[in-house]
Amino acid sequence: MMDESRDLVARDRTVVWHPYASMPASMAPLSIQSAHGTRLVLSDGRELVDGMSSWWAAIHGYAHPVLDAAVRDQIGSMSHVMFGGLTHGPAVELAEQLVAIAPEGLSHVFFSDSGSVAVEVAIKMAIQFWLGRGRPERHRMLTVRSGYHGDTLAAMSVCDPATGMHHMFSALLPQQFFAPAPTPEFGATFDDSNIAEFRDLLIANRQEIAAVILEPIVQGAGGMRFYAPGFLSAVRSLCDEHDILLIADEIATGFGRSGMLFGCDHAGVSPDIMCVGKAMTGGYLSMAATLCTPEVARSVNRAESGALMHGPTYMGNPLAAAVSLASIRLLLSQDWQATIRRLESRLVDGLAPARGLANVADVRVLGAIGVIETREPLPMDQMQAVCTEHGVWLRPFGRLVYSMPPYISTDDDVDRICAAMVDTVSRVTVTGT
Ligand SMILES: *Cc1c(COP(=O)(O)O)cnc(C)c1O
């Protein structure tokens, strides 16, 4: 076993490129044999408690019997057929299910294969909306700093300019408008000064802006920040007032993670366009969706093409749709809000000891998301080593040690994750990496 996994890692390093990594990566990956429940089983037999849900996705844990069965059943009838000119039960039922739980007014669903593509589709929808209304000059996006919307080009153009490395791709990226990161933090009282710069930017450039795009309430990979619902409500009002579309990127926040089904639900607002992905399939397959209102669809139809110009090969994939449907039904069949509250209070208690530490700038928890932010960036290899030593899988980076555990995590799982996080920030020190 041991030799086999070492061999696999060596072979991996010869041929496989990993996310945000050099080739070969500076740190060797861990070889995974299997995963079940909240556990990742390494090829050498060790088990790690999963604190990442495989990047927000595996909300029901791994190898869940209900989700496994959904995939198996679907394989029996068909794994995939093209979506141009054809349709099938899983896609129609999933679209109906999404519309039923989405914020009011979102009634049409465009399927795609990943979150980044769902964001590309949302941006194309917004631009075609204004083409349909005879306003081609309204083609730019207004967003906020510290955002993350994916790695394809249009998506990258609305990511935080610094962490999104805009300078490297400036020749290719459309130029967008950036307001400061949303304030105040979640739980603090929003007042008009929090939206002032955003409002000024929006009003000054409103003739060019097609849409505002942002992550509602939780900014994920761009900084793991939680902001007050009042900010989102104010953005919705400004968009209404100045006839600008609002795109909510719910790819990380969707399906309960922040304590509400969608981030927008914290503020009771409906966007004109909404992107979902990640947890939609329960972490089984890659699928995403872009939802919109009838009004958006009508104007898109009036653009010169008469149609939305997008159509991924694997659009509406039956396997992914079937498992998404099973995952959403499984979520809704339980008292998921009580589950998220339980995880939230366990995270609050478990991370509290980090508050007193000298190098800790902030500790914050919202729903099933726990974050320790350090004052200085810490070396990733050392952080990773401390976590694995605790038997916990986390992927801290820079100044962020964070967790979004599967919803099925036990109190003991969460305690172990928190202990690993606290120990990481107390033991790892800045070494200039
Ligand atoms: C992960 C993420 C994306 C990109 O999704 P991919 O499936 O990785 O392409 C977009 N927006 C947000 C908010 C995300 O968290």
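In which sense, parallel or antiparallel, do strand 11 and strand 12 pair, and over how many bridges? Strand 11 and strand 12 (residues 288-292) pair in the antiparallel sense, over 4 bridges. Before we go on, a word on the model: it is predicted, with local features needing pLDDT of at least 70 and side-chain atom pairs counting only at pLDDT 80 or more, while totals for chains, interfaces and linings use all residues. Numbering runs from 1 along each chain as its sequence is written, and side-chain values use heavy atoms, with hydrogens and water left out.

Strands here are DSSP runs of E with at least two residues, helices are runs of H or I with at least four residues, and both are numbered from the N terminus. Two strands pair if DSSP finds at least two bridges between them. Buried means under 20% relative accessible area, exposed over 50%, and partly exposed in between (1.4 Å probe, protein chains only).

Now for the ligand. The residues around the ligand are Ser114, Gly115, Ser116, Tyr148, His149, Gly150, Glu215, Asp249, Ile251, Ala252 and Lys278, where the cut-off is a heavy atom within 4 Å. By class, this shell has 3 nonpolar, 5 polar and 3 charged residues; Ala, Val, Leu, Ile, Met, Phe, Trp, Tyr, Cys and Pro count as nonpolar, Asp, Glu, Lys and Arg as charged, and the others, Gly among them, as polar. A polar side-chain atom of Ser116 lies 2.6 Å from an oxygen atom of the ligand, and a backbone N or O atom of Gly115 lies 2.8 Å from a ligand oxygen atom. Asp249 places a polar side-chain atom 2.7 Å from a nitrogen atom of the ligand. Taken alone, the ligand exposes 380 Å², and the protein buries 83% of that (areas by the Shrake-Rupley method with a 1.4 Å probe).

Elsewhere, strand 13 (residues 360-366) and strand 14 (residues 369-374) pair in the antiparallel sense over 6 bridges. Leu366 has Ile369 in strand 14 as its bridge partner. This hairpin has 2 residues between the strands, and Gly367 takes a positive phi near 55°.

Next, the aromatic rings. The structure holds 5 aromatic pairs. Rings of Phe, Tyr and Trp (its six-membered ring) pair if their centres lie within 6.5 Å; planes under 30 degrees apart count as stacked, over 60 as edge-to-face and the rest as tilted. Phe397 and Tyr402 have ring centres 5.9 Å apart and planes at 90°, so the pair is edge-to-face. Phe397 is partly exposed, at a relative accessible area of 32%, whereas Tyr402 is buried at 5%. Phe198, Tyr227 and Phe231 form one aromatic cluster.

Finally, turn to Asp413 in helix 13 (residues 411-427). Asp413 counts as buried, at 4% relative accessibility. A polar contact of 2.8 Å joins its side chain to that of Arg39; such a contact is a pair of N or O atoms within 3.5 Å, and within protein one must be able to donate a hydrogen and the other to accept it, with residues adjacent in sequence counting only if both atoms are side-chain atoms.
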